[in-house]
Amino acid sequence: MPVSRIVLFYVFVPLADPDAVRLWQRDLAESLGLRGRVLLSPHGVNGTLGGEVSDVKRWLRKTREYAPFRDLDVKWSDGGADDFPRLSVKVRDEVVTFGAPDELVVDGSGVVGGGTRLTPEELHELVAREDVVFLDGRNEFESRIGRFRDAVVPDVATTREFVAELDSGRWDHLKDETVVTYCTGGVRCEVLSSLMVSRGFGRVYQLDGGVARYGERYGDDGLWEGSLYVFDRRGSVEFSDHAAVVGRCSACGEATSRMQNCSDLQCREQLVVCEPCAGRDVVLCDPHRASRGWTPSLAPGVASPA
C-alpha cells in the first residue's frame, strides 16, 4: 500500500511575479494529486501539502529547482491528501496575515531584522544559561492543547491581532527580557520577531522550524507539553506515545486534546471538547450560547435549551 505524508514548508524571498508562481505551483500539485493550501505573496511562500510520499518528493524536487525556493524550509509529518478538502493555491499581500505588509522587509537571505534563530539544541543551551520568556506566536486557542512550559500566551484570536497587542503596551515589560518566540512551523515567528525588534524589544529569539522541528528532535522529553494544533482534518499531532494531555474539555473539565468549531455555522471559534460531551449536546461558544438564550448543561462550551 502506498505511503502518504504531509509537508509543512515556507521561505521568505522576494518574488517578482507571484501570480505566475501560483499557476506553476497549482499545475504541479494538481498533476501529482496533492491537496492542501499554498499561499504566495511578494515576500515568499507558505503552505502545507499532502499526498503519496513519491509524489510529495517529486513536488519538492521540482519546487526546489526554482532558484528562489532552493532554501525552502520543510517539515514532514504523518498524514496525506485526505487530510485536506481540496487543493488551494492563492496569492495574498502577506504569506502570514499580520496586516502589516509594508513593515516586512525581505531580501535574498530571508526576513531582514528578525529575531535570532535558535535550533532546538541551541534553545536548550540558552535556557540552561539564563532566564527565558517563551512567547507563543500562535492564536490563543492553539495553546489550549499544547504549549511550552510557562509560556506567555497573548489573548489573540487571529494573527492579525498581534500588531495591536504589540502597540498596546501590554508587552512592554518584556522589552528588557530574553524572549523566545515560537509557532507551529516557524513562519509566523519570522514576522512576529521582526515586528518586536522594530518596536524596541531588545533580546528576541525565534525557534527555527517551530514546534514541529522541536518535536522531531526532542519529542515529549523536552520543554514542550501537550499536542500541536494543526489547521487540517487531523486537528492535532503528537510527538510520542507519552504526550501530555494539557487541554481541558470546556464542558466537563476532562483532559482532552480534541477541538472542534462552535456549532453555529456563522462562527469559527475553536473549543476544546471531549468526545462524550460533543456527542451529547450542541457545542457553542459563549456569545452564541447567550444569543440563543441557552444555559450551560455543565460548563461554558456545551449548551442545552433552557
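**Cysteines, rings and helix packing**

Author: In this predicted model, the closest cysteine sulfur to that of Cys 249 belongs to Cys 274, and the separation of 3.7 Å is too far for a bond. Cys 249 is also buried, its relative accessible area being 4%.

Reader: Which cysteine has the sulfur closest to that of Cys 183, and at what distance?

Author: Cys 183 counts as buried, at 1% relative accessibility. A disulfide would need the two sulfur atoms within 2.5 Å. The sulfur of Cys 183 is too far for a bond from its closest cysteine sulfur, which is in Cys 189, at 3.4 Å.

Reader: How many disulfides does the count come to?

Author: The cut-off for a disulfide is a pair of cysteine sulfur atoms within 2.5 Å. Cys 249 and Cys 274 are too far apart for a bond, at 3.7 Å. By this rule the number of disulfides is zero.

Reader: Which parts of the chain does the pair of Phe 98 and Phe 162 tie together, and how far apart in sequence are they?

Author: The search of the whole structure returns 17 aromatic pairs. The pair of Phe 98 and Phe 162 is tilted, with 6.0 Å centre to centre and 50° between the planes. Both Phe 98 and Phe 162 are buried. Phe 98 lies in the loop between strand 5 and strand 6 and Phe 162 lies in helix 4, so the pair ties together parts whose separation in sequence is 64 residues.

Reader: What is the arrangement of helix 3 relative to helix 6: roughly parallel or roughly perpendicular?

Author: Helix 3 (residues 120–129) packs against helix 6 (residues 210–218) with the axes 9 Å apart and an angle of about 85°. Angles of 65 to 115 degrees fall in one class, which means that helix 3 is, relative to helix 6, roughly perpendicular.

Reader: Which residues of helix 6 make the contact with helix 3?

Author: On the side of helix 3, the contact involves Pro 120, Glu 121, Leu 123 and His 124. From helix 6 it is made by Arg 213, Tyr 214, Arg 217 and Tyr 218.

Reader: Over the ring of which residue does the charged end of Arg 217 sit, and at what distance from the centre?

Author: Ring pairs link Tyr 218 into a cluster with Phe 134, Phe 148, Tyr 182, Tyr 214 and Trp 224. The charged end of Arg 217 sits over the ring of Tyr 218, and its distance from the ring centre is 4.3 Å.

Methods. Residues numbered from 1 in each chain as written. Predicted model: local features only at pLDDT ≥ 70, side-chain atom pairs only at ≥ 80, totals over all residues. Heavy atoms only, no water. Phe/Tyr/Trp six-rings, centres within 6.5 Å; stacked < 30°, edge-to-face > 60°. Helix = DSSP H or I, 4+ residues; strand = E, 2+ residues; numbered from the N terminus. Buried < 20%, exposed > 50% of the residue type's maximum accessible area, 1.4 Å probe, protein only. Lys NZ or Arg CZ within 6 Å of the ring centre and 35° of its normal. Axes fitted to C-alpha atoms, helices over the stretch in contact; angles between N-to-C directions. Parallel < 35°, antiparallel > 145°, perpendicular 65-115°, else oblique. Contact = heavy atoms within 4.5 Å.
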